[in-house]
Amino acid sequence: MGDSATLASVFESQTSLLQEAALALPHQFSQCTYALGHIRQAVYLCLSCARDAPSSPPRGLCSACSVACHTDHEQLELFPKRGFRCDCPTRALAHSCTLHTTLEEPNEKNVYGQNFRGVFCRCGLPYDAEKERETMIQCLTCEDWFHESCLNLRERPLSREPTPAAEPAGDDDASDASSSGLPPPLVRADDYDALICGECVRNVDAVRRVAGSPGALMVVRSSEDEPWRVIGQDEVDPTVKADVEGGGEQAVMDVPDPSAAGDKRDRPPTEGQEPQAKRARVSPEAEPSSPCLAPPQDPRAAGLLSRLDKVSSASNKSVSEVNTSSGYLGAGDVFLTEGWRERWCRCKNAKAKPFLLEEEETYEPPEDPDSGLSLEELGMRALQRLPREKAIDGIMAFNAMRDDLMKHLRPFAERGEEVKETDIRAFFDARIQELRSKRQ
């Protein structure tokens with residue numbers, strides 16, 4: 001707010017601030033999630049507590065404890081993590097929890113990846129929102145965050161300087177560029193629905209089998225002198241028959257003619273075999289195995305993943321040193337396009353993780369009923385909760401302050417002068433000084 005302002009501009013500014021606060025914090029943070037067990041939820045790292053106990057492993061907080069218990073601490077948002085239980089009320093943190101007052105034992109089942117040390121991506125760099133120029137993308141499986149350049153979606157910026165001001169977008173290409181002023185990435189955000197990093201692709205067989213096939217994009221190149229390109233952009237052909245488990249090459253199930261429904265068909269004779277009086281009863285619970293829907297994989301993509309497997313056993317080699325033979329080069333990351341869950345193979349050989357088959361639920365705190373209310377409405381609610389005697393005293397004090405403010409502003413109206421911010425501050429400063437002198 002400047003040195004002077006109209007009543008309308010003050011009201012508009014206050015309304016805007018309330019709307020921003022309601023969008024940023026629409027929930028109430030009055031209950032720690034420890035009692036809910038290990039759930040997928042937003043997790044925060046308390047850097048202040050980590051610095052106070054450098055010998056102890058870092059721990060995580062739920063969103064309620066980050067606001068209610070550690071509000072004056074330096075924190076880093078780690079975003080959703082699955083199977084996580086809040087560490088705030090446990091002995092692992094010296095700072096006591098104000099929401100869950102019972103002291104609990106440390107959470108042994110929580111998984112603390114490198115994000116809990118404040119570093120991200122396969123490059124292991126810390127995240128600084130003030131200096132980071134690149135967009136970071138979260139892996140669906142390990143839930144780590146990766147730079148676009150580390151995913152080979154763009155060249156690495158020359159420096160991680162403060163983000164420049166974004167220029168207005170004039171076309172589709174410019175609108176897809178990040179606010180950092182960098183050019184659009186090789187695979188744009190609208191081109192895929194989820195990322196699975198190369199390490200997780202190699203560790204999850206169901207993803208590994210489809211890597212590089214239509215709908216499972218990979219960024220590769222044939223040599224270090226060539227530019228990066230995307231494979232797997234071909235449309236999925238619904239008419240292609242998938243291999244049926246145990247059926248050999250593209251075994252196709254025999255579907256009877258609907259027009260012959262209800263008719264008896266002669267049993268084909270079997271040479272050298274007498275007719276059997278009875279057949280073994282088949283259990284009604286037995287169901288035929290689901291056909292394997294995994295599309296044929298590009299052998300060069302499979303070769304890339306096999307060569308990347310050697311990185312874990314060759315600690316003194318980098319990815320580029322391992323990828324020297326013929327075939328694709330790359331990090332093995334997979335970008336799944338829209339509708340990938342509907343196309344996912346569900347045969348018994350797929351061995352897919354549950355969150356790959358069904359979208360998992362992420363916990364959110366209950367909505368705050370006071371979110372978005374004006375200061376006047378909040379004041380009236382607070383007044384209604386007070387005992388009758390205190391409510392009357394509060395109303396009388398408000399009326400007295402209102403009358404004094406009107407007396408302070410009346411001379412400005414009579415002289416036709418503009419009321420400035422300093423004039424309002426002078427009034428309230430005088431009131432505060434008067435109250436302090438009465439208490440002494």
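Predicted model: local features only at pLDDT ≥ 70, side-chain atom pairs only at ≥ 80, totals over all residues.

Q: Where in α11 does a kink lie, and what makes it a kink?
A: The kink lies at Leu409, shortly before the proline Pro411, and amounts to about 30°. The bend at a residue is the angle between axes fitted to the seven residues ending there and the seven starting there.

Q: Why are α11 and α12 called oblique to each other?
A: Their axes cross at roughly 140°. Angles over 145 degrees count as roughly antiparallel and 65 to 115 as roughly perpendicular, with the rest oblique. α11 and α12 are therefore oblique.

Q: Which residues in α11 meet α12?
A: Met401, Asp404, Leu405, His408, Leu409 and Phe412 do, and their partners in α12 are Asp423, Ile424, Phe427, Phe428 and Arg431.

Q: How do you know that the span of α11 is close to the expected one?
A: From first C-alpha to last, its 28 residues reach 42 Å, against the 40 Å expected at 1.5 Å a residue.

Conventions: Residues numbered from 1 in each chain as written. Heavy atoms only, no water. Axes fitted to C-alpha atoms, helices over the stretch in contact; angles between N-to-C directions. Helix = DSSP H or I, 4+ residues; strand = E, 2+ residues; numbered from the N terminus. Parallel < 35°, antiparallel > 145°, perpendicular 65-115°, else oblique. Contact = heavy atoms within 4.5 Å. Expected span 1.5 Å × (residues − 1).
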